[in-house]
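Here's a quick briefing on a few spots worth a look. Have the model open while you read.

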Amino acid sequence: PAAGWRQMIRINLLPLGKRPVEERIRKEITVFFLLIFFSLSVMVYFHIDHTRTIKQITAEKKTVDSEIRRYQDRQRQLQELQEKHKLLEQKLGVIEQLKRNRDLQVRVLDQLAIMVPTDKMWINTLTQKGNTLTLTGVARGNEVIAQFMEALEKSPYIDANGVVLKQSRQVKIQGFKLKNFNLTARVIVPAPAKEAPQKKGGKQKAKSSSGGAV
């Protein structure tokens with residue numbers, strides 16, 4: 001037994017470089033596992049951090065996509081409203097045009113009723129296609145037709161350059177020699193009346209007269 005204790009003491013007192021190989025292997029294995037543990041810990045940490053970042057970015061992307069869809073829906077609704085507004089404006093324009101044309105036709109017929117000399121001219125047909133008015137009838141002579149055309153040219157509802165005599169020929173009706181005529185006239189919308197500017201002299205005269213009254 002005493003020899004065994006001496007041997008153990010002698011082994012424990014050996015220098016570091018002479019310790020058994022098993023102890024160095026054990027330390028290397030321990031360091032290896034520690035390195036593996038540390039590497040796994042770092043990997044787990046980065047994995048968790050990346051997963052959290054991915055979830056955050058995914059949530060933000062969903063929010064942005066939702067906002068984009070909402071704005072797209074609003075933009076589509078705005079475009080639909082603009083198209084409806086444009087369509088309504090077109091319909092209102094057509095209605096207004098029809099109203100103006102209706103009033104214009106009434107005024108033109110009223111003007112014609114005044115212009116036609118019933119004792120010298122008789123209108124057989126009166127048709128309007130677009131803005132072109134066509135009249136056919138008979139008159140006592142070319143002079144009567146010319147006077148009627150001049151009256152048409154002076155009307156605010158007729159284009160002065162659009163009155164054209166298409167045909168004039170002599171016919172005999174109940175023993176009377178008359179002129180059968182066919183003419184066209186271009187109907188226009190009269191320009192709005194402009195207010196006459198007040199003269200400065202009139203103002204000064206009014207002022208002087210008011211001053212004299214005082």
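**A loop residue and some charged pairs**

Q174 sits in the loop between β3 (164-173) and β4 (176-186); helices (H or I, at least four residues) and strands (E, at least two) are DSSP runs, numbered from the N terminus. Keep in mind that this is a predicted model, where local features need pLDDT of at least 70 and side-chain atom pairs count only at pLDDT 80 or more, while totals for chains, interfaces and linings use all residues. Residues are numbered from 1 along each chain as its sequence is written, and side-chain values use heavy atoms, with hydrogens and water left out.

**The loop**
- Q174 isn't a glycine, yet its phi is positive, at about 50°.
- Q174 counts as exposed, at 76% relative accessibility (buried is under 20% relative accessible area, exposed over 50%, partly exposed in between; 1.4 Å probe, protein chains only).

- R76 is partly exposed at 43%, and D73 is partly exposed at 33%.

- R186 and D159 form a salt bridge, their closest N and O atoms being 2.4 Å apart.
- This pair links distant parts of the chain, 27 residues apart: R186 is in strand β4, and D159 is in the loop between α3 (142-154) and β3.
- R186 is partly exposed, with a relative accessible area of 33%.

Technical notes. Salt bridge = Lys/Arg side-chain N within 4 Å of Asp/Glu carboxyl O.
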